[in-house]
Every structure is written in C-alpha cells, then in structure tokens.
Amino acid sequence: MALSIGPADPARPDFVGEVTGIDLRREITAGEAAAIEDGMDRYAVLVFRGQPIDDAQQIAFTRHFGPLEMATGDIARADQRRLAMEVNDISNLERDGTVLARDDRRRLFALGNMLWHSDSSFKPTPAKYSLLSARVIPGSGGNTEFADMRAAWDALDAEMQAMVRDLVCEHTQIHSRGTLGFTEFTDEERARWAPVPQRLVRRHPRTGRLSLFLSAHAGGIRGWPRPEALMLLRDLTEHATQRRFVHAHVWRPHDLVMWDNRVTMHRARRAPPDQVRDLHRTTVADSAPTLEQAA
Ligand SMILES: [Fe+2]
C-alpha cells in the first residue's frame with residue numbers, strides 16, 4: 001500500500017494528519033521521507049498508528065529529517081538513565097521497570113511536561129521535530145494535546161501582531177519548573193539551563209508562514225519589566241491554547257506521533273500516578289538559533 005496522508009481530526013483538518021501505508025520498522029525511501037516532510041509542512045502534527053518499533057528503528061526513521069538532538073534536557077543522572085542519549089525517556093519508570101515514587105525528583109520535574117511548551121525551547125538551537133512512540137500507555141488519561149501556533153498568530157489582531165512581532169524571549173527550564181514550585185536545582189543544573197534567547201514570532205523556512213513561538217520555559221522578554229513580560233506571555237498562551245486551536249491525541253499502544261515544534265505547543269495530560277506510562281521520544285534539532293533564522 002502506498003504512503004498516504006489525510007486529515008486525522010475533522011475539527012482541525014489543517015492541523016493533524018494521519019499517515020498510512022508505511023512500516024516504520026523498515027528503512028524508508030527518500031521519496032517517503034520527502035512526502036512526510038511535505039505532510040509536516042501542510043499539517044504540523046502527523047499520527048502513525050500501529051508502528052511497533054524499537055529505539056533503533058525510531059532513531060533510524062528520525063535521522064531522515066535532520067540531526068538528532070541528545071537528551072541533555074533530562075534531569076536524571078547518568079546512572080539513572082534507562083535509554084540511550086538519543087532517546088528522551090518520557091516515562092514514569094525506574095531502570096528496573098518499577099514506577100517512580102510519587103515524590104521522586106525525576107517525576108516531579110517531568111510534571112513540567114503538563115505545561116504547554118515547545119520541546120527544547122530552552123536550548124540555544126531548539127527542536128525542529130519531536131517523534132513520540134507509545135510503548136506502554138495507562139488505562140486512562142495521559143493524552144497529549146497540541147496547539148496550532150500558526151492559527152494562533154493568524155487570529156491575533158494587527159495591533160497585537162505589531163507589538164509582539166520583533167520581541168525576544170528568554171527561555172529556561174528553571175522558569176517552567178519554578179511555576180510549579182519546583183525550585184531545588186543544583187548549581188550545575190542552573191548553569192546548564194541558563195536562559196537562552198528565542199524569537200517570539202517565527203517564520204517557517206519552507207512554508208513562509210508566521211507563528212507564535214511560545215513555551216512554558218519563556219520567563220522573560222528582553223527589555224521588558226519581568227511582571228509585564230510574564231503577563232503578556234500568559235495572555236498570549238491563553239489565546240493560543242483556546243480549544244479551537246487544540247487537538248487532543250488519545251494514545252493507543254504503538255502509535256507514533258510526530259510534530260513540528262517550530263509551529264506548535266503541546267502538553268501531557270494527567271494520568272494515574274501508579275500506572276505505567278512509557279513513551280520514547282526522539283528529537284530532530286533545528287538548523288540554527290531562532291535569532292539567526294530569517295525573520
Ligand atoms: Fe514535550
């Protein structure tokens with residue numbers, strides 16, 4: 001069966017596509033990779049159902065879209081990691097497969113994934129694509145929601161667009177976790193996750209469309225008093241995450257969902273803390289810091 005991409009969400013037909021006619025366990029062709037990248041440009045989120053892949057297959061597929069990002073945003077110590085550095089561990093598991101204790105520092109840090117964000121916006125060069133593969137999902141809850149930052153930009157009035165068009169934000173994981181009361185970082189972590197600048201409005205390099213580049217990691221705007229910056233970012237986030245811009249993905253085992261972090265935000269939703277939720281994320285790095293990209 002040939003690769004085909006069509007709308008996955010009738011309510012958001014220009015935002016989420018479903019890809020059929022491809023087996024991600026085998027090496028894909030250059031033509032298939034190009035069709036998927038075209039699909040990413042047209043939608044922004046692509047869903048692949050029924051893909052029982054392992055990490056090596058996920059990494060091989062991811063490499064078609066650019067250089068892999070390493071999981072350096074993770075708070076787990078090296079001796080606590082379950083997965084290779086090419087794979088972000090989006091689970092609630094110890095190395096031995098047991099569920100993390102409710103007060104475990106890694107679990108509390110990971111609760112930050114429930115805030116609207118764009119992956120790795122706290123890195124100098126943030127993420128292009130994220131690819132999330134569902135290995136074990138809980139019996140209830142644990143959806144991932146996506147918000148369309150192109151549509152959110154388009155819906156701003158001209159006055160607001162002019163105000164935010166050239167703003168530069170400072171992004172750090174220290175800020176996003178701080179909003180949840182997680183403030184106990186080591187000096188090493190504070191140094192590793194020092195704020196990085198990101199444009200608030202970006203232009204997609206292939207489609208030319210503008211979009212808001214928001215994230216829970218954004219904790220300031222250059223040249224603005226901090227409370228005023230945080231208030232604007234809160235207002236914009238509230239605007240951009242109205243239900244009309246949002247799609248909720250309900251996970252099935254072996255789903256793979258791929259999204260463009262340049263034009264979306266996403267967040268995890270609550271799941272029962274005592275049930276296993278094990279997803280593996282590979283990430284494609286963007287080509288350059290946002291300030292170096294075409295405005
Ligand atoms: Fe994320």
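How many residues does helix H8 have, and what distance does H8 reach from its first C-alpha to its last? The legends below describe close-up views of a predicted model.

**View 1. Helix H8, residues 226-240.** Helix H8 has 15 residues and reaches 21 Å from its first C-alpha to its last, close to the 21 Å expected at 1.5 Å a residue. Leu233, Leu236, Thr237 and Ala240 are the buried residues of H8. These buried residues line one face of the helix, because they fall within an arc of 100° when seen down the axis of H8. Pro227, Glu228, Met231, Arg234, Asp235 and Glu238 are exposed on the other side of H8. The cover over the buried residues of H8 includes strands S6, S10 (210-212), S11 and S14, as well as helix H4 (149-154).

**View 2. Strand S6 (residues 144-148) and its pairing with S12 and S14.** Of the 5 residues of S6, 4 are buried, so the strand is mostly covered. Strand S12 (residues 246-249) runs antiparallel to S6 and is joined to S6 by 4 bridges. Within this pairing, Ala147 has Val246 of S12 as its bridge partner. Strand S14 (residues 264-268) also pairs with S6 in the antiparallel sense, over 5 bridges. Here Thr144 has Ala268 of S14 as its bridge partner.

**View 3. The open sheet S8-S7-S11.** The sheet consists of 3 strands in the order S8-S7-S11, with antiparallel pairing. Strands S8 (196-199) and S11 (218-221) stand at the edges; each has a single partner strand, so one side of each is left without a neighbour in the sheet. On average, neighbouring strands of this sheet are turned by 40° against each other, direction ignored. Strand S7 (residues 168-171) is joined to S8 by 4 bridges, and the two run antiparallel. Glu170 stands opposite Pro197 in S8.

**View 4. The largest nonpolar core and the surroundings of Leu212.** The largest nonpolar core has 52 residues, and those touching the most other members are Val45, Leu46, Ala147, Met149, Leu212, Leu214 and Ala240. Strand S5 (residues 127-136) gives the largest share of this core, 5 residues. Leaving out residues up to four places away in sequence, Leu212 touches Met149, Ala152, Trp153, Leu200, Val201, Leu236 and Ala240. Two of these contacts, Leu236 and Ala240, are also among the buried residues of H8. Ala147, which pairs with Val246 in S12, is one of the core residues that touch the most other members.

Definitions and conventions. Residues numbered from 1 in each chain as written. Predicted model: local features only at pLDDT ≥ 70, side-chain atom pairs only at ≥ 80, totals over all residues. Pairing = 2+ DSSP bridges. Axes fitted to C-alpha atoms, helices over the stretch in contact; angles between N-to-C directions. Buried ≥ 20, exposed ≤ 12 C-beta atoms within 10 Å, placed from the backbone. Core = buried A, V, L, I, M, F, W, Y, C linked by C-beta atoms within 7 Å. Contact = placed C-beta atoms within 7 Å. Expected span 1.5 Å × (residues − 1). Arc of directions from axis to C-beta.
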